[in-house]
Amino acid sequence: MGERTAFGRTVPGIDDGALGEAATQVLLDLGHRQIGFVAGASDPQRSRQRVAGYRRLMVEKGSRAHHHFTADKRLGFRQALALAKSWLVPTIRPTAIIAETEEVALAILDVAHQLELVVPRDLSLISLEARARLSRAKPPVTALSQPYDRLFGAACAD
């Protein structure tokens with residue numbers, strides 16, 4: 001649990017900075033160092049916090065990937081396709097990408113297929129949005145699920 005300011009008040013919620021760090025840590029634990037992050041949550045403040053968490057952990061681990069592979073503006077599907085192509089075609093490219101939205105994750109997966117990159121062997125992909133289309137994608141896209149019901153229930157229990 002964390003807190004955020006909304007409507008002029010501090011309200012309980014998910015610690016978005018920690019969510020960005022958690023997604024990054026999963027990929028670091030798999031051995032990745034060239035990790036990209038594509039922001040785009042509908043709430044820009046939450047998105048900035050997630051990107052900050054990602055950057056904080058990348059700096060701590062000594063990676064410079066966050067200088068080259070961070071997109072911190074909301075992207076539509078076509079924009080995400082173009083970004084994915086620009087990141088995945090060069091020789092030096094991310095080996096893993098965190099996509100903040102389902103739409104971006106599916107665009108990255110589409111480009112990976114076009115470039116004959118095998119997910120997750122050649123490119124690991126994590127979404128911060130757990131949506132049904134991601135589980136039906138080929139291959140299914142890993143999503144960090146945010147257990148809102150359990151967390152808020154525990155916060156209200158005592």
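This report walks through the sheet, the helices packed on it, the nonpolar core and a few backbone details of the structure above.

The model is predicted: local features need pLDDT of at least 70, side-chain atom pairs count only at pLDDT 80 or more, and totals for chains, interfaces and linings use all residues. Residues are numbered from 1 along each chain as its sequence is written, and side-chain values use heavy atoms, with hydrogens and water left out.

**The sheet**

Let's start with the strands. Five of them form an open sheet in the order β4-β3-β5-β6-β7, with parallel pairing. The edges belong to β4 (70-71) and β7 (142-143), each with a single partner strand, so one side of each is left without a neighbour in the sheet. Here, helices (H or I, at least four residues) and strands (E, at least two) are DSSP runs, numbered from the N terminus, and two strands pair if DSSP finds at least two bridges between them.

| Strand pair | Bridges | Direction |
|---|---|---|
| β3 and β4 | two | parallel |
| β3 and β5 | four | parallel |
| β5 (residues 96-99) and β6 (residues 124-127) | four | parallel |

Val-38 is a handy landmark: this residue stands opposite Ala-71 in β4 and opposite Ala-99 in β5. Further along, Ile-97 has Leu-125 of β6 as its bridge partner.

**Helices on the sheet**

Helix α2 (residues 44-60) packs on the sheet, touching β3 (35-38), β4 and β5, and its direction makes about 165° with that of β3. Helix α5 (residues 102-114) also packs there, touching β3, β5 and β6, with about 165° between its direction and that of β6. Contact means heavy atoms within 4.5 Å; axes are lines fitted to C-alpha atoms, for helices over the stretch in contact, and angles run from 0 to 180 degrees between N-to-C directions.

Among the buried residues of α5 are Val-104, Leu-106, Ile-108 and Val-111; buried means under 20% relative accessible area, exposed over 50%, partly exposed in between (1.4 Å probe, protein chains only). The buried residues of α5 pack against β3, α4 (77-88), β5, β6 and α6 (132-136).

**The nonpolar core**

A nonpolar core is a set of buried Ala, Val, Leu, Ile, Met, Phe, Trp, Tyr and Cys residues joined through side-chain atoms within 4.5 Å. Of the 44 residues in the largest one, Ile-35, Val-38, Ile-97, Ile-98, Ile-108 and Leu-125 touch the most other members. At least two residues each come from α1 (16-29), β3, α2, α4, β5, α5 and β6, and α5 gives the most, with eight.

In β3, Ile-35 and Phe-37 point one way while Gly-36 and Val-38 point the other, and all are buried. Leaving aside residues up to four places away in sequence, Ile-35 touches residues including Leu-27, Tyr-54, Phe-69 and Ile-98.

**Backbone details in the loops**

Val-119 and Pro-120 are joined by one with omega near 10°, and Pro-120 lies in the loop between α5 and β6. Lys-138 and Pro-139 share another, with omega about -10°; Pro-139 sits in the loop between α6 and β7.

Glu-116, which follows α5, is not a glycine, yet has a positive phi of about 60°. At 68% relative accessibility, Glu-116 counts as exposed.
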